[in-house]
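Biologist: I am new to this structure. Could you walk me through how to read it?

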Amino acid sequence: MNRPPPKRTRAMAEIRDDRSRGLLAAFEDGEVAGRIAYFTLDAEPAALVAVHTVVEPAYEGKGIAGALVREFYALAAREGVPVVPLCPYAAKWAERHPDEAPAAPADLVEAAQAQLAANPELW
């Protein structure tokens, strides 16, 4: 499978998806600057579910969290699946960027919440 080149934030961090670990991570100078923990919803249709966004203190204020969420939505769009933003930061970002972050149907949000409740290790 041909993968697109890693994305860069305005801070020039490289963003990499590690689907097997459920992490979308931003790296700057080889160090993890921030990440989104996520899982794939076990439902039809599938969805990517953002659970938590964190930026390391040394990298705060550089736009890394926003770049991670933007790339998360872009990744889902490339895969043709919706995003369920259970992460408060991702949900607020989506509200501010409706053109880039279409709202998830309520039934998918409920399914994602149920899957997370049944599998807390996904957090």
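Predicted model: local features only at pLDDT ≥ 70, side-chain atom pairs only at ≥ 80, totals over all residues.

Biologist: Which residue forms a salt bridge with R19?

Modeller: A salt bridge needs a side-chain nitrogen of Lys or Arg within 4 Å of a carboxyl oxygen of Asp or Glu. R19 forms one with E79, and their closest N and O atoms are 2.6 Å apart. R19 sits in the loop between strand 2 (14–18) and strand 3 (23–28), while E79 belongs to helix 1 (residues 64–79), so the pair ties together parts 60 residues apart in sequence. D17 joins R19 and E79 in a network of salt bridges.

Biologist: How many salt bridges are there in the whole structure?

Modeller: A search finds 8. Among them is the one between R70 and E100, at 2.7 Å from N to O. That pair links distant parts of the chain, 30 residues apart: R70 is in helix 1, and E100 is in the loop between helix 2 (88–96) and helix 3 (106–118). R70 is partly exposed at 37%. E100 is partly exposed too, at 30%.

Biologist: Are R21 and D18 exposed or partly exposed?

Modeller: Check each partner on its own. R21 is exposed, with a relative accessible area of 61%. D18 is partly exposed, at 25%. Their side chains meet in a salt bridge of 3.8 Å, N to O.

Biologist: Let us turn to helix 1. How many residues does helix 1 have, and how far does helix 1 reach?

Modeller: Compare the end-to-end distance with the expected span. Helix 1 has 16 residues and reaches 22 Å from its first C-alpha to its last, close to the 22 Å expected at 1.5 Å a residue. After helix 1 comes G80, with a positive phi near 70 degrees.

Biologist: Which residues of helix 1 are buried?

Modeller: First the general idea. An α-helix has 3.6 residues a turn, so residues three or four places apart point the same way. In helix 1, the buried residues include I64, L68, F72, L75 and A76. A65, V69 and Y73 are buried as well.

Biologist: Which residues does F72 touch?

Modeller: Set aside residues up to four places away in sequence. F72 then touches L24, I36, Y38, L48, V49, A50 and V83.

Biologist: Where is T53, and is T53 buried or exposed?

Modeller: T53 is in strand 5 (residues 48–55). T53 is buried, with a relative accessible area of 14%. Beyond its neighbours within four places in sequence, T53 is in contact with R35, I36, A65, V69, C87 and Y89.

Key:
Residues numbered from 1 in each chain as written. Heavy atoms only, no water. Buried < 20%, exposed > 50% of the residue type's maximum accessible area, 1.4 Å probe, protein only. Helix = DSSP H or I, 4+ residues; strand = E, 2+ residues; numbered from the N terminus. Contact = heavy atoms within 4.5 Å. Expected span 1.5 Å × (residues − 1).
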